[in-house]
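I opened a new notebook page for this chain. I wanted to look up a few places and write down what I found.

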Amino acid sequence: MKLGQCAVMSATVRGVEVVPVTVEVVVSGGLPGVSIVGMPDAAIQEARERVRAALRASGFTMPNEKVVVNLAPGNLKKTGSGFDLPIAMGILAATQQIDPAWARDTLYVGELALDGRVRAVPGALACAICARSLGVDFVCAADSDPVPLDDVRIFSLGHMWEAAREGGAAAALAPHRRAPRAVRCEPMPDYGEVSGHEVAKRAFQIAAAGGHGLLMMGPPGSGKTMLASRMPSILPPLSADEMLEAAVVHSVAGEPIESVIGGMRPFRSPHHSASLAGLVGGGSPIRPGEISLAHQGVLFLDELPEFRTSVLQGIRQPLEAGSVTITRADGNVLFPARFMLVAAANPCPCGYFGDEDHDCTCTVPQIRTYQNRIGGPLMDRIDIHLDVHRTAPAQVLASERGTSSEELRVGVMQARAFAAWRRERGMADGRAGLAERHAVTDEGRAFLVSVAELHAMSGRAIARVAGVARTIADMDESETVSSEHLAEAVGYRVRSGVGGC
């Protein structure tokens, strides 16, 4: 067997970014064995046995020589099983069992089964974007996620024995499946199926139009979860850039991306037992959390007071920054986290404080303690606070439909289109003051000042009220924000009762 060396391009995922890695393979005289250097993790070290078994099962010969694999750059920690395929290709090219031209100008990512099959690995889309930036071809497993990129050549390899075909790469590599233009998804729940709750539907429409956070508080069975689950049905589809951003996060997390590349906004609903790492991100290797998986979509937190306090406070900074930074000893990892927060909570431990048909068994201190679990700083960052009451039984059984998602979505799209028109005309200059930026009338300013003084609003709360009022004005296609718009916005901010916000 000929001895030699070869270099194959691959990549490692760090956060949602992909770092190019050169897999250098040298086959030389010495004690037989495979050594992998360059800060590999345990999964990469185990590639020695997977590669050996896969090559033999595919009809190739594993060199009975010393094989040294170097993952460059050597000062970067590499993770994952996606280096199996480039290591195998490097060994085959170095020993002249395949044409070394296969290794040139091509980025390989894939895990090998013991029988030689090539398996998909998380982050294929991110690696394809890396290959595009490098100006090279990309090869992945046949069952990898579809890739919505048209400006890079992407190929699939289903089994290692295909590399032995006559005709070289042109015969072995098949064009990888592109993202479908439209993805068939199950019909989304419709607000028309919800009896009553017209005020709540209006609040959800405003939240969807302006991307505002929303907190519902009401007794069990009042419809909070039902209302929240229908939020995606009134949101506009993802733009091309938004789709790619959200799909990359899902790809590196190993989550399905078909619905995202079909234009549907993510909707994440973690259980209240979620850990801080599960919600914000973390682990080893670092993985995006639920707030990043909800990027460009909706994060629904049901039973909000039941989440651990440290977990809830962990989302405060991402809510405003639109991203989260995970700090580790070997550096920082940035995850996008621009999401719309929708939360639901019972008003007290028994759940029936304020309910007209059930007596509350909680004391005032218990109610205050329960509501304070959410924390004032987080409450201050949620734009719309909504009390949700149970629908009367007769209305629940009524056959007439309420306001549908399609009707609500028309208002959402209209408001977003008007807001875009304002920005194009320079009417939303970020350098102007708050009142000038939102075009608040003099009467509206006086009204907002009086309300803020009455309820001791913080500066953030005042800004949030003004932002909601601006969205309401956009829905009315009004260039200015009047006192009527502000009055409705204040109604969604000021709550009455024990622990009112």
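My entries follow, one topic at a time.

**Ground rules**

I am working with a predicted model, where local features need pLDDT of at least 70, side-chain atom pairs count only at pLDDT 80 or more, and totals for chains, interfaces and linings use all residues. Residues are numbered from 1 along each chain as its sequence is written, and side-chain values use heavy atoms, with hydrogens and water left out.

**Entry 1**

I started at Ile326, in strand S16 (residues 323-328). Helices (H or I, at least four residues) and strands (E, at least two) are DSSP runs, numbered from the N terminus. Is Ile326 buried or exposed? I found it buried, because its relative accessibility is 7%. Buried means under 20% relative accessible area, exposed over 50%, and partly exposed in between (1.4 Å probe, protein chains only).

Next I looked up its contacts (heavy atoms within 4.5 Å). I left aside neighbours within four places in sequence; Ile326 then touches Val280, Gly281, Gly282, Ile286, Gly331, Asn332, Val333 and Phe335. I also checked Ala277, which is 49 residues away from Ile326 along the chain. Their C-alpha atoms are 9.6 Å apart.

Then I followed the strand itself. S16 runs antiparallel to strand S17 (residues 331-336), and six bridges join them. Two strands pair if DSSP finds at least two bridges between them. S16 and S17 make a hairpin, with two residues between them. Across it, Thr327 stands opposite Asn332 in S17.

**Entry 2: salt bridges**

How many salt bridges does the structure hold? I noted 27. A salt bridge here is a side-chain nitrogen of Lys or Arg within 4 Å of a carboxyl oxygen of Asp or Glu. I looked at three of them.

One joins Lys201 and Glu198, with 3.4 Å between the closest N and O atoms. Both sit in helix H6 (residues 198-210), three residues apart, about one turn of the helix. Lys201 is buried, at a relative accessible area of 0%. Glu198 counts as partly exposed, at 37%.

Another joins Arg381 and Glu320 at 3.8 Å, N to O. Arg381 is in the loop between helix H15 (376-380) and strand S19 (384-387), and Glu320 is in helix H13 (residues 316-321), so this pair ties together parts that are 61 residues apart in sequence. Arg381 is buried at 12%, while Glu320 is partly exposed at 45%.

I then turned to Asp474 and Arg422, whose closest N and O atoms are 2.9 Å apart. This pair links distant parts of the chain: Asp474 is in helix H20 (residues 459-475), Arg422 in helix H17 (residues 405-424), and 52 residues separate them. Asp474 is buried at 4%. Arg422 is buried too, at 5%. I also wrote down one network, in which salt bridges that share partners join Glu320, Asp380, Arg381, Asp383, Arg460, Arg464 and Arg493.

**Entry 3: aromatic pairs**

I counted rings next. Rings of Phe, Tyr and Trp (its six-membered ring) pair if their centres lie within 6.5 Å; planes under 30 degrees apart count as stacked, over 60 as edge-to-face and the rest as tilted. The count comes to three aromatic pairs. Tyr191 and Phe204 form a tilted pair, 6.1 Å centre to centre with 50 degrees between the planes. Tyr191 lies in the loop between strand S10 (174-175) and H6, and Phe204 in helix H6, 13 residues apart. Tyr191 and Phe204 are both buried.

Phe418 and Trp421 have ring centres 5.2 Å apart and planes at 40 degrees, so that pair is tilted. Both lie in helix H17, three residues apart. Phe418 is buried at 10%, whereas Trp421 is partly exposed at 32%.

**Entry 4: helix H19**

In H19 (residues 442-454), I found Gly444, Leu448, Val451 and Ala452 buried. The buried residues of H19 pack against H20 and helix H21 (483-491). The face turned away from the buried side carries the exposed residues Asp442, Glu443, Glu453 and Leu454. Just after H19, Ala456 takes a positive phi of about 50 degrees.

Note on methods:
The expected span of a helix is 1.5 Å times one less than its number of residues.
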